[in-house]
Amino acid sequence: FIIKVGNIYYYYCLYNGVLQEEFPYRTKIFIASSILGPWTYASNFQPVGTIGAEDAAAHYASSVVFDSGTYHVFSGVMDGVGYANITRDTAPAPTGPWTSQGLVLSDLIRGLPENPKVWWDSILNRWCMLTNQINIPAGTFTDKNRIFMSTSLTDWSAATYKDIQFALLYGAQAN
């Protein structure tokens, strides 16, 4: 995805350094003065974690929100053995330096989310986070979308959610 700050475009690019479908997934940040480029490498986003960490197989930026002078990046993370979640990292600038704020969603409500998109909804008067939900128990594809709603951008512990779209696979019901 791309954001524009002042006259500079920032491109957060998912990459893995080798082939498209290999782990670990991570993010590089490129900048340009035009949406058409040319793009120049600016920095790496958070590195993946160590073996056994919640982000050992992936730590990829999926959404940036600028709020109260801080950039909040919501990322998909994967441990490489079927566990996925969302983290939030903060920085004073769109290229970092980044500080990890940890996991966003509790185990009780998260399912297996990936690819978070976060925005403020003035009608709902809530922060919203749209995620893809990885199929359970297969863990190999996404089969629904879930929207989380929170009164706080930084604390999602009391978030509510609604599954808003199901794939018509394996007997799932359309919503």
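This is a predicted model: local features need pLDDT of at least 70, side-chain atom pairs count only at pLDDT 80 or more; totals for chains, interfaces and linings use all residues.
**Entry 1: confidence**

I number residues from 1 along each chain as its sequence is written, and side-chain values use heavy atoms, with hydrogens and water left out.

Next I looked up the chain average, a pLDDT of 85. At least 70 is the score of 82% of the residues. Which elements mark the lowest and highest confidence in the chain? Helix H1 (residues 107-110) is lowest, at a mean of 64, and E1 is highest, at 95.

**Entry 2: layout**

I found 1 helix and 12 strands in the chain. Helices (H or I, at least four residues) and strands (E, at least two) are DSSP runs, numbered from the N terminus. Along the sequence I read β-β-β-β-β-β-β-β-α-β-β-β-β.

I then checked contacts with a separation of 6 or more: 35% of them in the chain come from residues 24 or more positions apart.

**Entry 3: surface and burial**

The chain has 175 residues, and 43% of them count as buried. Buried means under 20% relative accessible area, exposed over 50%, partly exposed in between (1.4 Å probe, protein chains only). Accessible areas come from the Shrake-Rupley method with a 1.4 Å probe, and for residues only the protein chains shown count as cover.

I noted a nonpolar surface patch of about 390 Å², made by Ile 2, Tyr 11, Ile 35 and Leu 36. Patches take residues with over 30% relative accessible area and no salt bridge; like charges are joined within 9 Å, nonpolar side chains (Val, Leu, Ile, Met, Phe, Trp, Tyr) within 5 Å. Ile 2 sits in strand E1 (residues 2-5). Its relative accessible area is 38%, so Ile 2 is partly exposed.

**Entry 4: cores**

Which residues make the largest nonpolar core? I listed 12: Val 65, Phe 74, Ile 86, Val 104, Leu 105, Val 118, Trp 127, Met 129, Phe 148, Leu 153, Trp 156 and Ala 159. Another core, of 11 residues, lies apart from it; among them are Ile 3, Tyr 10, Tyr 12 and Ala 91. A nonpolar core is a set of buried Ala, Val, Leu, Ile, Met, Phe, Trp, Tyr and Cys residues joined through side-chain atoms within 4.5 Å.

Phe 1 lies in the segment before E1. I found Phe 1 partly exposed, with a relative accessible area of 29%. Not counting residues up to four places away in sequence, Phe 1 touches Tyr 10, Tyr 11, Tyr 12, Ala 61, Ser 62, Ser 63 and Val 64. Phe 1 and Cys 13 are 12 residues apart in sequence, and their C-alpha atoms are 7.0 Å apart in space.

**Entry 5: salt bridges**

Side chains of opposite charge can pair when their charged atoms come close. How many salt bridges does a search of the whole structure find? It finds 2. A salt bridge is a side-chain nitrogen of Lys or Arg within 4 Å of a carboxyl oxygen of Asp or Glu.

I took Asp 163 with Lys 144, at 3.6 Å, N to O. Asp 163 is in strand E12 (residues 160-166) and Lys 144 in strand E11 (residues 142-150), so the pair ties together parts that are 19 residues apart in sequence. Lys 144 is partly exposed, at 22% relative accessible area.

Asp 163 also meets Arg 146, at 2.5 Å, N to O. This pair again joins strands E12 and E11, so parts 17 residues apart in sequence are tied together. Asp 163 and Arg 146 are both buried. Shared partners join Lys 144, Arg 146 and Asp 163 into one network.

**Entry 6: backbone**

I checked the cis peptide bonds. One runs from Gly 37 to Pro 38, with omega near 10 degrees. Pro 38 lies in the loop between strand E3 (26-32) and strand E4 (40-44). Another joins Gly 96 and Pro 97, with omega about 5 degrees. The loop between strand E7 (84-91) and strand E8 (99-103) holds Pro 97.

Then I looked at positive phi. Ser 68, a residue other than glycine, has phi near 50 degrees. Ser 68 is in the loop between strand E5 (58-67) and strand E6 (70-78), and is exposed, at 71% relative accessible area.

How values were computed. Contact means heavy atoms within 4.5 Å. pLDDT is the predictor's confidence in each residue, from 0 to 100.
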